[in-house]
Amino acid sequence: MARLPLIAHRSPESVVAWRDGQPISAARYLADVQGAAAAMPGRGHVLNVCSDRYRFAVGLGAAMLRGQITLMPPDHTPETVRQLRGFAADLYCLADKAGGDINLPQFDFPLNEAAPAGPLRVPEIDAQQGCAIVFTSGSTGRPEPHAKRWGALVRNVVGEAARLDLLAHQDRVVVATVPPQHMYGFESSVLVAMQSGAAFDAGRPFYPADICATLARIDAPRVLVITPFHLRTLLAEVALLPQLEMIVCATAPLSPQLAREAELRSGAPLLEIYGCTETGQLATRRSTRTSEWEPLPDVRIEARDGQAWASGGHVERATPLSDIIETTAGGRFVLHGRSADVVNLAGKRSSLAYLSHQLNSIEGVEDGVFYLPDDVPDDGVARLAAFVVAPGLTRAALLGELRRRIDSVFLPRPLVLVDALPRAATGKLPRPALAELAAAQVRRRGQLA
Amino acid sequence: MPDPTESVSQAAAPDEALLAELARLIVSALNLDIKPEEIQPDVALYGEGLGLDSIDILEVALAVSKHFGVQLRADNENNVAIFRSLRSLADFVAANRSA
């Protein structure tokens, strides 16, 4: 049975990661993985919430050595954690600072003082072994699990590494603004470096000035992994970008203007990645050259009966996609927006059905619905509205309940209390009727202001 | 020669005008459904208080940078202590804005 190495680095001194401007060697990483694996509790599932990307990668490697599966939910709200406990009763939380209010047995990230010694012995992991389970919010209120086996993940990120030119340039360091616990950050910072022989930076810079400072501390060629929204604020605030080898952008399509601006200002090519939680990365494009997406090796993207499907390559089972696609020549494709029920805000995906289900699960809510306005700003973040029939509940109480159940990015703005929803005779809520409710709300605001 | 302690104490006590200016900036940058004077100086800006999240905080940081020439910094996304309240944001701006 095929076994695949944990990292592609071949010498003890190869750099796996950078932290605070200092390189961390492959020997150090493997010693830390062994140390953490020895100290971890004997449980089957781990929620790795380490905010330091290096510690996340140590926890991930250690979990695999112990045969433990890393769970990656879309958020850490109390309701989601409760659902995860139901999914895996032996779940515990690996944290590098107080795990906060996460209601799970806590295991603090172990400090490892042991000095690495001897030749580099890279552990090999069975390609069939489960590595992670990534969750999407299903439409019924229960998170849907998507199992990621080690072999498929490796195949995926090696394909990606070739597109990012990392296999030929192992001296490059990936700096990412996205968390390692999100599928994009997981693959495009941690795994892509581990499996290409390149390195990732342990930080997760937030403000534009932090991004520049993190890049400036690294004494090696740099790749920036970012989202459209973050890229827009970076370009708006910072006049002079540090020199980059490449910018990688994903989670939402980038406007052509911003792609051009980013390449002009950085002098680096910008590569967009298309993918989703279910399948991982699927395709890339050089956005300033073409609107067509080029699938990763052996991946097929097809439209059948109005539904887009991904299959082949690292995609183990044909998987429906929530985007509307049109195939073009040579297996390439263009995107035409998302299917009606899906919302993707700042890289977090949910569905209107799921969010409305959560809203209607609140005691005292008689009827309620989430609504996504049409006018989405370029490279910005649209906000949802919600209309709720809940006599006896205040907006503050409703928002407090929603905060326990859904990621804050999906909290409605505005949340409008109404006497009744404009349901048709069939019980359905026609979108035009909701649009009219939203427009009425905007008019009311205009009068108040 | 200016007394350094004096300038520090001035910076640490932002005036009402700055609080009001920042409140207006936040409401307009985020297109919030409230009036600027409804933002209480000591109520949390994120989470349970005003309910801002990391996307809002980046938007406000950008507006603050454009308006006051002050760039915000943090060790990581969770370190948003500057956004604890309108007053703490005003303290930061007062201490760092170019005179």
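Modeller: Helices (H or I, at least four residues) and strands (E, at least two) are DSSP runs, numbered from the N terminus. The model is predicted: local features need pLDDT of at least 70 and side-chain atom pairs count only at pLDDT 80 or more, while totals for chains, interfaces and linings use all residues. Residues are numbered from 1 along each chain as its sequence is written, and chains are lettered from A and ligands numbered from 1 in the order in which they are written.

Colleague: In which strand does A:V174 lie?

Modeller: A:V174 has its C-alpha atom 8.8 Å from that of A:A17, although 157 residues separate the two along the chain. The strand that holds A:V174 spans residues 173-176 of chain A and is β11.

Colleague: Is A:V174 buried or exposed?

Modeller: Beyond four places in sequence, A:V174 touches several residues, including A:S189, A:V192, A:A193 and A:F200; contact requires C-beta atoms, placed from the backbone, within 7 Å. A residue is buried if 20 or more other C-beta atoms lie within 10 Å of its own, exposed if 12 or fewer, and partly exposed in between. A:V174 has 27 such atoms within 10 Å and is therefore buried.

Colleague: How do α4(A) and α5(A) lie relative to each other?

Modeller: Helix α4 (residues 150-163) and helix α5 (residues 183-194) of chain A pack with their axes 9 Å apart, at an angle of about 95 degrees. Axes are lines fitted to C-alpha atoms, for helices over the stretch in contact, and angles run from 0 to 180 degrees between N-to-C directions. Angles under 35 degrees count as roughly parallel, over 145 as roughly antiparallel, 65 to 115 as roughly perpendicular and the rest as oblique. The description of α4(A) and α5(A) is therefore roughly perpendicular.

Colleague: How many charged residues are in the contact of α4(A) with α5(A)?

Modeller: From α4(A) the contact takes A:L153, A:N156, A:V157, A:E160 and A:A161, and from α5(A) it takes A:E187, A:S188, A:L191 and A:V192. Ala, Val, Leu, Ile, Met, Phe, Trp, Tyr, Cys and Pro count as nonpolar, Asp, Glu, Lys and Arg as charged, and the others, Gly among them, as polar. By class, the contact has five nonpolar residues and two polar ones, and the number of charged residues is two.

Colleague: Which residue of β20(A) is the bridge partner of A:A310?

Modeller: A:A310 belongs to β19(A), where it is the bridge partner of A:I301. Across to β20(A), the bridge partner of A:A310 is A:T319.

Colleague: Which residue takes a positive phi in the hairpin of β19(A) and β20(A)?

Modeller: In the hairpin of β18(A) and β19(A), with two residues between the strands, A:D305 has a positive phi of about 50 degrees. The hairpin of β19(A) and β20(A) also has two residues between its strands, and the residue with a positive phi, near 60 degrees, is A:G313.

Colleague: Which element gives the largest share of the side of domain 1 that touches domain 2 in chain A?

Modeller: Chain A is divided into domain 1 (3-338) and domain 2 (343-448), with bounds from an automatic or database domain assignment. Their C-alpha centres lie 31 Å apart, and the contact takes 25 residues from domain 1 and 20 residues from domain 2. On the domain 1 side, the elements giving two or more residues are α3 (78-87), β9 (130-137) and α7 (228-237). The largest share, three residues, comes from α7(A).

Colleague: How many residues does chain B give to its contact with chain A?

Modeller: Chain B has four helices and zero strands, and buried residues make up 26% of its 99 residues. The side that touches chain A has six nonpolar, five polar and four charged residues. Chain A gives 20 residues to this contact, and the number from chain B is 15.

Note on methods:
Two strands pair if DSSP finds at least two bridges between them. Two residues are in contact if their C-beta atoms, placed from the backbone, lie within 7 Å.
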